[in-house]
Amino acid sequence: MATVLVNDISVDIGDEKLNCVQAAQRAGVTIPHYCWHPALSVVASCRMCLVMVGEKKTDGSIAMQPKVVPGCQTPVKDGTVIQTMDPRATTAQKATLENLLLNHPLDCPVCDKAGECLLQDYSFKFGNASSRMVDEKNTPPNKPDIGPNVSLFTDRCIMCSRCVRFTREVAGTAELHVVQRGNHSEIDVFPGHPLDNKLATNVVDLCPVGALASKDFLYKQRVWNLKTVNSVCTGCSTGCSIHLDTNKDVVYRLRPRFNPRAQGHFMCDEGRLGYQQVNSSQRFRKPLERRESGTKPIEWSAAVASVDRAFREVAGVDAGNAWFVLSPFLTLEEAWLLASYARSVSPFVRIVSGPVTRVGDDDTYPKDRKGRPAANVKFTIRAEKCPNRRGVEAIVSHFQKTVVSFNDLLQACDAGSARFVYVTGGYSSAHPGFRVEDADKLAKAPHLVVHDLMPSALTDRANLVIPSAAFSEKEGTYVNHAGLAQSTVAGCVPLRGMRTDGQVFLDLLGRKGLVRAEEIRKEIGKTVSALAALAQGSTGEFGVFTGSGS
Amino acid sequence: MATYEPVLLRRIGRPECQGIEGYRADGGYKTLERVLKELTSEQVTNQVKDSGLRGRGGAGFPTGLKWTFLPKGHPGPIYLCVNCDESEPCTFNNRVLVEKDPHQVLEGIILASYAIRATTAYFYIRYEYGHGMRQMQKAIDEAYSAGLLGKNILGTTFSLDVFVHRGAAAYICGEETGLIESLEGKRAWPRIKPPFPAIEGAFRKPTIVNNPETLANVVHIMERGVDWFKSIGVPPDPKNPRDAGSYGPKLYCISGHVNKPGIVELPMGVTLRELVEKHGGGVWKGRKAKGAIPGGNSMGIIPESEFDIPLDFNGPGTVKALGLGTAAVTIFDDQTSIVDVLHNLCRFFAHESCGQCTPCREGTGWMLKIVERIRRGQGRREDLDILEEVADRIGIMPGTTICGLADGAGWPVKTAIRKFRPEFESYLKTGPRQGVRLQMAQAH
């Protein structure tokens, strides 16, 4: 047991290997830092985390080192004493901030980072109110096309080199470099080798100031207008924990949220930009019924009644000819509700899990010099482009003891035996779930109900289309490739007049009230043995591991 | 003091000694042969340690002590890096050694490698020393042919390869970890310490970085013994418990406004005044000296009134200069404006700061901008205080940077202002003299 004294606050760090910055965090003391990041190597060059460090001797006396040391570089051990309020430390921190602002343009009013900028925050907390610099500032030219997704405002850079280390240590692609010397140092790329890798936009999150900006988000919103909720990326089965930033029910950006159980600190660019589908103008807004004269919007209550009537008609004759397809994009709660509805009518209804989209192989980072995956994997973009295959499969196998597959459904449709098919979708338009020939087969069923977000080959052939809510508009739980169940919070309300998928399923079930994901989770946890870990209801900040699926 | 007979510079002016035959005919490599046959590595290390030899690169760290920091019984490889990135302005002692007597340096390299059990030595030479690089490469080639390098040197089990590595012209490559990074093919950003190079240096292996002049001294320590070495120079100051003494001969570079600039080998402890008057031929044009930089730009500036300090590792510190540095003395006469001197120094450090640590990167640039403005005649009184404050708070001594470049950048500024403040203050009032051209080639 090691005890560290931070500003006279005693904190027990166990036997972890920590540096002064981390130990102080445990004690609730902020040591300002720029260049240090837990996922990157230590360079101790920004000199923002200068503190006084000493050691408490066994006789109780404290011997302090005679000068300030960088907290990020100094490991703590039992008896280490950290003083952040010592005049020498505060003077050094003030001096560093004064230095950083010497050549900084202070263009906060037009800077995207303003509001979540560490230079602003630390200057306010630890810095001076005015600058003594009266000379002209350096104004290096901006590099707006440093990469396809990233723009560099060179003059705002404080040379913490986090971005350079990220491209070397995590992405392994090493596009970014420091060029020039002294206060003319700049971040740059080699000509013809832009910052173009699948993790590139992480440098924007890493940048403590507004130097690196995401082109997607640039000049869209002031960050203090954004509402942030914890969510999960639905782009692949890694299930990155994310922050979902919205304003007035429009999603503006996704940012990775640190989760040691899921992905760590980062997320890929595809997932980051995957929210754009949510804001698409092509999304369905009202249920559409196909008639001979064409499709016609109908009321939600009519759509629900129509589904229920058609299903019961078929189930009344032979429930084996009624099929429900649970998409791997559904949340656990939705899958549970829909399967419960199907089973409530007849035990012979067939429930299958939807097709799983896979693209290539798992893409691991860092890459080596030649672009091949290197040994110590720090980030994986998974080939499986669905967020909840394991979860949905657990639900399906709970209800459907004899396994039937999506292919069995296709054969049944082809043979003309399937009378009623309810398909849930939610696939991203970049990786569609249903091929055209599959859609043709499914269309042979007399009643094809498709519950989806965007028009696709399948919705074109459906008798009834029910609009889906996007992942940002609903709460629910996803189980990632490793069996980690993470629940999300709705970041915005659904589009005007829309109902979430879960609400539709509740209506079908005839249950009253709104969808309360936590109650349903508890229900699942108590009933489905593979998902027993959910019985608590809450999955916490980092999610809980389930033993479900394979 | 009796006339001192040069040892390190003995063969300068004798071009025949630059080749291996001439060097051998003059007694060269005899020490190496004897040491390899008769002494163990520990004995060599101990002899160097006992001699009190301190590094000639600038910091004056005891060489033998540095060698003992290597991990005991390390399976290897251990590397020796020879720091010939002599980029301190006005310093050219290694240049003379490498260009005029490369075999002496090479013998020192082999001896040191034997002592620290290094099997590979890298001779890192700055880009501008093209002639020196070719001389060294020629000496190495000759030594390979003579069986003094390569496998099983002189029939012993000791093997050594020496490679010449040419730098790309940056002051920071003279910092030992900056040199190692540069050697590894990276940007020469000094590393954070610990680990020190002796534990984890070049290619993450134990590494010793030494100056060529230091290694040349090792030859003579092994040849003539500890007592000879200790008979030269200055013993430790009894009043300063941290002084390890300044033994041995030293190459002093004299430049600036003197009649006879050049290099001279003297025992440690010669006074600055003697160096200027006797060995530098006095100040030029019959003028008086205004001040001097005692040991390379980073050591600070001292006025003429303090010229009586001894130039040993302890002396310059007594008048609040940073230290002996490279013992490269630059004199400027009484017609020189101290503002011009400081401006030139600031330009150098702002240009050479590697840009890694914030205080140095921004501090050196800021100081330059302020001094430039003062020089234009737009200085304010508070600028002097700002300069002093900035200079005081950057560097490894206050703990705000990784390497010592910032200390070297701060010291000239604060010593200039503290020791020549009246001149600065009058300059603030009068501005530049009429007719003085202020334009100077821009660093960038």
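Trainee: How far apart do the C-alpha centres of domain 2 of chain A and domain 3 of chain A lie, and what makes the two count as touching?

Mentor: In this predicted model, the C-alpha centres of domain 2 of chain A and domain 3 of chain A lie 38 Å apart. Contact is judged residue by residue, because two residues are in contact if their C-beta atoms lie within 7 Å. The contact takes 26 residues from domain 2 of chain A and 23 residues from domain 3 of chain A.

Trainee: Which elements give two or more residues to the side of domain 2 of chain A that touches domain 3 of chain A?

Mentor: They are strand 11 (227-232) and strand 12 (241-247) of chain A, and the largest share, 4 residues, comes from strand 11 of chain A. By residue type, this side of domain 2 of chain A divides into 11 nonpolar, 12 polar and 3 charged.

Trainee: What makes up the side of chain A that touches chain B?

Mentor: The contact takes 28 residues from chain A and 28 residues from chain B. On the side of chain A, helix 2 (residues 87-102) gives the largest share, 6 residues, and the residues of that side divide into 14 nonpolar, 9 polar and 5 charged.

Trainee: Why are strand 23 and strand 25 of chain A said to stand at the edges?

Mentor: Three strands of chain A form an open sheet in the order 23-24-25, with antiparallel pairing. Strand 23 (476-479) and strand 25 (544-545) each have a single partner strand, so one side of each is left without a neighbour in the sheet.

Trainee: What percentage of the residues in chain A is buried?

Mentor: Buried residues make up 52% of the 550 residues in chain A, a residue being called buried if 20 or more other C-beta atoms lie within 10 Å of its own.

Note on methods: Residues numbered from 1 in each chain as written. Chains lettered and ligands numbered in written order. Predicted model: local features only at pLDDT ≥ 70, side-chain atom pairs only at ≥ 80, totals over all residues. Domains from an automatic or database assignment. Nonpolar A, V, L, I, M, F, W, Y, C, P; charged D, E, K, R; others polar. Pairing = 2+ DSSP bridges. Buried ≥ 20, exposed ≤ 12 C-beta atoms within 10 Å, placed from the backbone.
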